[in-house]
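Here is a report on one protein model. Please look over the sequence and the coordinates before reading on.

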Amino acid sequence: MRGAASTVCHEINNPLTAIVGSARSLAKQFNELEEDSSQLKVDTESILEAALRIQNITHQFARAIRVVTTEPVPGIRMIDLQASSRRE
C-alpha cells in the first residue's frame with residue numbers, strides 16, 4: 001500500500017506545487033496593486049486554501065501505514081486517513 005500511496009501522492013503533488021506557487025505569487029501581486037482587486041484576491045486565496053487542503057490530504061495518504069475504514073453512512077465505507085496514518 002505504501003508504494004502505491006507514494007506514487008499517487010507524487011503525481012498529485014507535482015501539479016499542486018505549481019498551483020500553490022502561482023496562487024501565492026498572484027496573492028502577493030494583488031497586495032501590491034493600488035486599484036481594487038478584492039474579488040481577485042478572494043478568489044486567489046480560495047484556490048490557495050483548496051490546494052493546501054489537497055496537499056495535506058496527500059501527505060496524510062503518503063503516511064498511511066494500514067487501511068482503517070469508517071462507515072459515516074450505513075452501507076458506505078470510507079478510508080479514514082487520519083486513523084490510517086496514525087502510529088499506534
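## Glutamine 60

Glutamine 60 is buried, with a relative accessible area of 13%. The model is a predicted one. Glutamine 60 sits in helix H2. Beyond residues up to four places away in sequence, glutamine 60 touches Leu81, Gln82 and Ser85.

The burial call is simple to check. A residue counts as buried under 20% relative accessible area. Glutamine 60 has 13%, so the label is buried.

## The nonpolar core

The largest nonpolar core has five residues in all: Leu16, Val20, Ala23, Leu48 and Ala51. Helices H1 and H2 each supply at least two residues of this core. H1 gives the most, with three residues.

Helix H1 covers residues 2–32. Helix H2 covers residues 38–62. Alanine 51 is one of the core residues. Neighbours within four places in sequence aside, alanine 51 is in contact with Leu16, Ile19 and Val20. Leu16 and Val20 are also listed in the core.

Which residues does cysteine 9 touch, not counting residues up to four places away in sequence? They are Thr58, Phe61 and Ala62. Cysteine 9 belongs to helix H1. Cysteine 9 is buried, at a relative accessible area of 4%. From cysteine 9 to valine 68 the C-alpha to C-alpha distance is 18 Å, and the two are 59 residues apart in sequence.

Asparagine 13 is also placed in helix H1. Is asparagine 13 buried or exposed? Asparagine 13 counts as buried, at 15% relative accessibility. With neighbours within four places in sequence left aside, asparagine 13 is in contact with Gln55, Thr58 and His59.

## A nonpolar patch

Val8, Ile12 and Ile54 make a nonpolar surface patch of about 210 Å². Isoleucine 54 lies in helix H2. Isoleucine 54 is partly exposed, with a relative accessible area of 39%. Patch residues need over 30% relative accessible area. Isoleucine 54 has 39%, so this residue passes that cut-off.

## The hairpin

Strand S1 spans residues 69–73, and strand S2 spans residues 76–79. The two pair in the antiparallel sense, over three bridges. Together S1 and S2 form a hairpin, with two residues between them. In the turn, glycine 75 has a positive phi of about 90 degrees.

Two bridge pairs can be named. Threonine 70 has methionine 78 in S2 as its bridge partner. Valine 73 has isoleucine 76 in S2 as its bridge partner. Isoleucine 76 lies in strand S2. Isoleucine 76 counts as partly exposed, at 45% relative accessibility. Neighbours within four places in sequence aside, isoleucine 76 is in contact with Thr70 and Glu71.

## One salt bridge

How many salt bridges does a search of the whole structure find? The search finds one. In a salt bridge, the side chains of arginine 77 and glutamate 71 meet at 2.9 Å, N to O. The cut-off is 4 Å, so the 2.9 Å pair qualifies. Side chains of opposite charge can pair when their charged atoms come close.

Glutamate 71 is partly exposed, with a relative accessible area of 40%. Partly exposed runs between the buried limit of 20% and the exposed limit of 50%, so 40% falls in that class.

## Serine 84

Serine 84 is in helix H3, residues 81–85. Serine 84 is buried, with a relative accessible area of 0%. Serine 84 and alanine 27 are 57 residues apart in sequence. In space, serine 84 and alanine 27 are 34 Å apart, C-alpha to C-alpha.

Conventions: Residues are numbered from 1 along each chain as its sequence is written. This is a predicted model: local features need pLDDT of at least 70, side-chain atom pairs count only at pLDDT 80 or more; totals for chains, interfaces and linings use all residues. Side-chain values use heavy atoms; hydrogens and water are left out. Patches are made of residues with over 30% relative accessible area and no salt bridge: like charges are joined within 9 Å, nonpolar side chains (Val, Leu, Ile, Met, Phe, Trp, Tyr) within 5 Å. Accessible areas come from the Shrake-Rupley method with a 1.4 Å probe; for residues, only the protein chains shown count as cover. Helices (H or I, at least four residues) and strands (E, at least two) are DSSP runs, numbered from the N terminus. Buried means under 20% relative accessible area, exposed over 50%, partly exposed in between (1.4 Å probe, protein chains only). Two strands pair if DSSP finds at least two bridges between them. Contact means heavy atoms within 4.5 Å. A nonpolar core is a set of buried Ala, Val, Leu, Ile, Met, Phe, Trp, Tyr and Cys residues joined through side-chain atoms within 4.5 Å.
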